[in-house]
Amino acid sequence: QVVLVESGGGSVQAGGSLRLSCVASGYTRNLTRMAWFRQAPGKEREGVATISTGGSFTYYVDSVKGRFTISRDNAKSTLYLQMNSLEPEDTALYYCAAGRILGSISVGLMAANYAYWGQGTQVTVSS
């Protein structure tokens, strides 16, 4: 069993920055992939960014490329999402996900591939 706990959400104005964190606990040894997803009211859950086991490979949805950076510290069992130049369209509940996923880095943005999810942290961006 793996437990994921997100933090770092909040309310900011457009152009601002936030850094989300996700701490993993439990049996994390076999987790090969971690990712951030988001879900806005009335919309489907969307993959935002994913990162490989060692952190060498990352992949982002087009709408956040150049603004968001995903990283992980395996020694601390922690996943991060640095979000800069935030836009009102980034407003959503952000979830951390983890799983044992093999294959190309891009499959890491598919929600169905993940077995473990956090409870979410709210990000609200005002114009």
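**Strands, bonds and cores**

Me: Which residue of E6 stands opposite threonine 50?
Reply: Threonine 50 faces tyrosine 59 in E6. Bear in mind that this is a predicted model, where local features need pLDDT of at least 70 and side-chain atom pairs count only at pLDDT 80 or more, while totals for chains, interfaces and linings use all residues. Residues are numbered from 1 along each chain as its sequence is written, and side-chain values use heavy atoms, with hydrogens and water left out.

Me: What makes E5 and E6 a pair?
Reply: Two strands pair if DSSP finds at least two bridges between them, and strands themselves (E, at least two residues) are DSSP runs numbered from the N terminus. E5 and strand E6 (residues 58-60) are joined by three bridges and run antiparallel, so the pair meets the cut-off. The two strands form a hairpin with six residues between them, and glycine 55 in the turn has a positive phi of about 90°.

Me: How do you know that E4 and E5 pair too?
Reply: Strand E4 (residues 33-39) and E5 share five bridges in the antiparallel sense. Tryptophan 36 stands opposite alanine 49 in E5. This hairpin also has six residues between the strands, with glycine 42 at a positive phi near 80°.

Me: Is strand E5 mostly covered or mostly open?
Reply: E5 (residues 46-51) is mostly covered, with five of its six residues buried. Buried means under 20% relative accessible area, exposed means over 50%, and partly exposed lies in between (1.4 Å probe, protein chains only).

Me: Why are cysteine 22 and cysteine 96 called a disulfide?
Reply: The term asks for a pair of cysteine sulfur atoms within 2.5 Å. A disulfide is a covalent bond between the sulfur atoms of two cysteines. A search of the whole structure finds one disulfide. The partners are 74 residues apart, with cysteine 22 in strand E3 (residues 18-26) and cysteine 96 in strand E9 (residues 92-99).

Me: What makes the disulfide of cysteine 22 and cysteine 96 left-handed or right-handed?
Reply: The torsion about its S-S bond is about -75°, so the disulfide is left-handed.

Me: How do you know whether these cysteines are buried or exposed?
Reply: Cysteine 22 has 0% relative accessibility and therefore counts as buried. Cysteine 96 is buried as well, at 0%.

Me: What makes E1 and E7 edge strands?
Reply: Four strands form an open, antiparallel sheet in the order E1-E3-E8-E7. Strand E1 (2-7) and strand E7 (68-73) each have a single partner strand, so one side of each is left without a neighbour in the sheet. Inside this sheet, E3 and strand E8 (residues 78-83) pair over six antiparallel bridges, and arginine 19 has glutamine 82 in E8 as its bridge partner.

Me: Why do arginine 38 and aspartate 90 count as a salt bridge?
Reply: A salt bridge needs a side-chain nitrogen of Lys or Arg within 4 Å of a carboxyl oxygen of Asp or Glu. The closest N and O atoms of arginine 38 and aspartate 90 are 2.9 Å apart, so the pair qualifies. Arginine 38 lies in strand E4 and aspartate 90 in the loop between E8 and E9, 52 residues apart. Arginine 38 also forms a salt bridge with glutamate 46, at 2.8 Å. Side chains of opposite charge can pair when their charged atoms come close.

Me: How many salt bridges are found in the whole structure?
Reply: The search finds five. One of them joins lysine 65 and aspartate 62 (2.9 Å, N to O). Here lysine 65 is partly exposed at 45%, whereas aspartate 62 is exposed at 63%. Salt bridges that share partners join Arg38, Glu46, Arg67, Glu87 and Asp90 into one network.

Me: What makes a group of residues a nonpolar core?
Reply: The residues must be buried Ala, Val, Leu, Ile, Met, Phe, Trp, Tyr or Cys, joined through side-chain atoms within 4.5 Å. The largest such core has 29 residues, and those with the most contacts inside it are Trp36, Leu81, Met83 and Tyr94. A second, separate core of six residues includes Ala35, Phe37, Ala97 and Tyr114.
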